[in-house]
Amino acid sequence: MLGAAASRPRSTAGIGGFVRRTQIPFFTTQMGKGTVPGVATFIWGRLRSANGDYVHEAVDRADLIIAIGHDTIEKPPFIMGPKGPQVIHVSYTPANVERVYFPQMRGGLAM
């Protein structure tokens, strides 16, 4: 999952290269759209706050989500629950742990 902070100019080249090399599927939040241009093969879409679309179905079936650059200032892209996927938070800043976002692994990177 690519969030708002992932779309920073210093991040997009590295993240884009990672996606191209690994061919890992990804989705974005509303504020993370455009982070990885030109890889239509690997993008699942943009996660909206409304449930019931195919991206939410993929989240529900996932074992692990790596949340890159997610900030809780955005609407929650999905509601975490005890039976949901494990989440790893990767960003410039530590995760803001809330009732709907509580990654099992979290930390910020000093840049």
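1. Is Phe18 buried, partly exposed or exposed? Phe18 is partly exposed, because its relative accessible area is 38%, and partly exposed lies between buried (under 20% relative accessible area) and exposed (over 50%), taken with a 1.4 Å probe on protein chains only. Phe18 sits in helix 1. Leaving aside neighbours within four places in sequence, Phe18 touches Gln23 and Ile24, where contact means heavy atoms within 4.5 Å. Val36 is 18 residues from Phe18 in sequence, and the two C-alpha atoms are 9.7 Å apart.

2. On the basis of the note: this is a predicted model, in which local features need pLDDT of at least 70 and side-chain atom pairs count only at pLDDT 80 or more, while totals for chains, interfaces and linings use all residues. Residues are numbered from 1 along each chain as its sequence is written, and side-chain values use heavy atoms, with hydrogens and water left out.

3. The chain has 2 helices and 5 strands, in the order α-β-β-α-β-β-β along the sequence. These elements are DSSP runs numbered from the N terminus: helices are H or I with at least four residues, strands are E with at least two. Of the 111 residues in the chain, 38% are buried. Of the contacts between residues at least 6 apart in sequence, 38% join residues at least 24 apart.

4. Helix 1 contains 14 residues and spans 21 Å from its first C-alpha to its last, close to the 20 Å expected at 1.5 Å a residue; the expected span is 1.5 Å times one less than the number of residues. Its buried residues are Ser11, Ile15, Gly16, Gly17 and Val19. Strand 1 and strand 3 are among what covers them.

5. Gln23 follows helix 1 and lies in the loop between helix 1 and strand 1. Its phi is positive, near 55°, in a residue other than glycine. Most residues other than glycine have a negative phi. Gln23 counts as exposed because its relative accessibility is 52%.

6. The largest nonpolar core has 12 residues, including Met1, Phe27, Leu47, Val55, Val59 and Phe78. Such a core is a set of buried Ala, Val, Leu, Ile, Met, Phe, Trp, Tyr and Cys residues joined through side-chain atoms within 4.5 Å. Helix 2 (54–61) and strand 3 (64–68) each supply at least two residues of this core. A second, separate core of 7 residues includes Leu2, Ala6, Val19 and Phe42.

7. Leu47, a member of the largest core, has these contacts beyond its neighbours within four places in sequence: Phe27, Thr28, Thr29, Gln30, Val55, His56, Val59, Pro77 and Phe78.

8. The largest pocket has a volume of about 660 Å³. On a 1 Å grid over the protein atoms alone, a pocket is an open set of points where a 1.4 Å probe fits, with protein on both sides within 12 Å along at least five of seven lines; lining residues have an atom within 4 Å of a point. Among the 28 lining residues, Met1, Leu2, Phe18, Ile66 and Ile68 are the closest to the centre. Helix 1 gives the most to the lining, with 6 residues. By class, the lining has 23 nonpolar, 4 polar and 1 charged residues; Ala, Val, Leu, Ile, Met, Phe, Trp, Tyr, Cys and Pro count as nonpolar, Asp, Glu, Lys and Arg as charged, and the others as polar.

Notes
Grid points are joined across faces, edges and corners, and a volume is the space filled by probe spheres set on the points.
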